[in-house]
Amino acid sequence: MSFRGILMFASVLMIISGCTPETNKSSTENKVEEYQPAVPLPEFNADSAFTFLKQQVDFGPRIPGTKAHSQCADWMKSIMLSYGLEVTEQNGMMKTYDGKSFNLRNIISVYRPDLKRRLLLCAHWDTRPFADRDESNNDKPFAGANDGASGIAVLMEIARLIQESKPDIGIDFIFFDLEDYGDADGKVPDSWCLGSQFWSKNLHVAGYSPVYGILLDMVGGKDAIFPKEGTSMRYAPGVVNKVWSLARSLGYTMFVNNVGPETTDDHLYINKIAGIPCIDIVHYEVAKMDYMSCHHRHCDNLSIIDPVVMKIVGHVVMEVIHREAAMKL
Ligand SMILES: [Zn+2]
């Protein structure tokens with residue numbers, strides 16, 4: 001995900017997007033409908049999600065063109081297949097900003113392809129090839145425990161749980177490749193999010209139009225905070241507001257009502273190119289105008305992961321799925 005552009009536009013966007021303190025909550029807080037499923041939803045298992053995260057990290061940094069990358073893709077497919085989903089892979093040769101070429105591997109897992117009403121759940125799985133925001137060894141790779149692995153881990157746990165809870169709504173899980181191989185200097189346009197750009201131009205089903213999408217990025221870090229991300233507010237404010245209201249009604253105050261700046265993440269292209277409303281749940285510290293403190297640094301490793309944060313995000317998304325299935329959101 002790009003960083004430099006954010007700082008440049010930060011002050012302007014603070015004004016445009018109305019970065020407001022928490023006192024102004026009544027205007028954005030939606031009424032959350034009563035919803036009691038016939039059978040209680042299965043509990044999101046933090047240990048299981050952590051195991052999914054650790055397995056990805058154990059492969060090594062999932063850098064395009066490496067053995068760890070290819071092993072991780074095969075493993076993710078096998079897990080999603082084992083949960084009874086229809087799994088396909090989208091490939092294409094992608095050119096990165098530094099002139100290299102890689103075979104893209106977007107992993108697409110489909111639940112209930114027969115249903116018309118659908119949700120898109122997505123995250124990126126690749127690791128940035130260098131910790132270029134670090135003070136030292138900034139040409140060396142990092143583990144990508146939070147940036148990359150956490151979003152995939154939460155989605156894998158959800159895929160496991162819906163085998164049991166069987167929501168009456170179709171779900172498409174998309175694990176995007178080549179999100180994080182962008183030009184940090186911002187000189188090459190559209191150099192980030194190559195996997196989601198490709199998918200947005202080549203939808204896995206012709207005319208695909210889910211109700212909306214939710215992207216997860218950096219959803220496992222200690223002391224996470226999730227402001228309403230600016231690009232999501234530009235394209236899909238209604239979705240953001242209802243998901244945040246739901247999260248807060250569940251007691252999860254880390255979903256704050258502050259609006260952050262517009263960031264470049266996979267959801268930008270899903271909105272812009274595919275025309276699908278898609279929001280981003282991403283750890284961003286509005287007070288510092290920056291992502292989590294280990295963003296693209298060597299400290300993005302297992303030591304900063306708090307499985308409870310993944311559990312909170314996973315619980316919110318599980319509630320969203322089942323409420324949308326019951327038309328109660
Ligand atoms: Zn990143």
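Modeller: Before we look at bridges, one definition: two strands pair if DSSP finds at least two bridges between them. Also keep in mind that this is a predicted model.

Colleague: Okay. Which residue in β5 is the bridge partner of Leu120?

Modeller: The general idea is that strands of a sheet pair through backbone hydrogen bonds, in a parallel or an antiparallel way. Here, Leu120 has Gly213 of β5 as its bridge partner. Strand β3, residues 118-124, runs parallel to β5, and four bridges join the two.

Colleague: In what order do the six strands form the open sheet?

Modeller: Read it as β1-β2-β4-β3-β5-β8, with mixed pairing. The edges are β1 (86-95) and β8 (278-282), each of which pairs on one side only. From one strand to the next, the twist averages 20°.

Colleague: Which strands does helix α4 touch as it packs on the sheet?

Modeller: Helix α4, residues 145-165, touches β2 (101-111), β3, β4 (170-176) and β5. The direction of α4 makes about 145° with that of β3. Helix α5, residues 194-201, packs on the sheet too, touching β1, β2, β3 and β4. The direction of α5 makes about 60° with that of β2.

Colleague: Now for single residues. Why does Leu216 count as buried?

Modeller: You count C-beta neighbours, and 20 or more within 10 Å makes a residue buried. Leu216 has 25 of them inside 10 Å, so it counts as buried. You'll find Leu216 in strand β5, residues 212-217. Leaving out residues up to four places away in sequence, Leu216 touches Ala123, Gly151, Val154, Leu155, Ile281 and Val313.

Colleague: And which residues have the most contacts inside the largest nonpolar core?

Modeller: In soluble globular proteins, nonpolar side chains tend to be buried together. The largest nonpolar core in this model has 95 residues, and Leu121, Leu155 and Val313 have the most contacts inside it. Helix α4 gives this core its largest share, eleven residues. Take Leu155: beyond its neighbours within four places in sequence, it is in contact with Leu121, Ala123, Phe173 and Leu216.

Colleague: At roughly what angle do the axes of α4 and α9 cross?

Modeller: Roughly 45°, and the axes come within 10 Å. Helix α9 covers residues 307-325. The two helices are therefore oblique to each other, and their crossing is right-handed. To see where they meet, look at Ser150, Val154 and Leu161, which are among the α4 residues involved, and at α9 residues including Met310, Val313 and His322.

Colleague: What is the packing angle between α2 and α3?

Modeller: That one is about 150°, with the axes of α2 (residues 46-59) and α3 (residues 67-82) 8 Å apart. An angle over 145 degrees counts as roughly antiparallel, so α2 is roughly antiparallel to α3. Gln55, Gln56 and Phe59 in α2 meet Ala68, Gln71, Cys72 and Trp75 in α3.

Colleague: Last one: how far apart are Leu302 and Lys54, in sequence and in space?

Modeller: They are 248 residues apart in sequence, but 7.4 Å apart in space, C-alpha to C-alpha. Leu302 sits in the loop between β10 (290-291) and α9. It has 15 other C-beta atoms within 10 Å, which makes it partly exposed. Setting aside residues up to four places away in sequence, Leu302 touches Lys54, Val57, Ala143 and Ala145.

Notes. Residues are numbered from 1 along each chain as its sequence is written. This is a predicted model: local features need pLDDT of at least 70, side-chain atom pairs count only at pLDDT 80 or more; totals for chains, interfaces and linings use all residues. A residue is buried if 20 or more other C-beta atoms lie within 10 Å of its own, exposed if 12 or fewer, and partly exposed in between; C-beta atoms are placed from the backbone. Two residues are in contact if their C-beta atoms, placed from the backbone, lie within 7 Å. Axes are lines fitted to C-alpha atoms, for helices over the stretch in contact, and angles run from 0 to 180 degrees between N-to-C directions. A nonpolar core is a set of buried Ala, Val, Leu, Ile, Met, Phe, Trp, Tyr and Cys residues joined through C-beta atoms within 7 Å. Angles under 35 degrees count as roughly parallel, over 145 as roughly antiparallel, 65 to 115 as roughly perpendicular and the rest as oblique. A crossing is left-handed if the near helix is turned anticlockwise from the far one by less than a right angle, and right-handed if clockwise.
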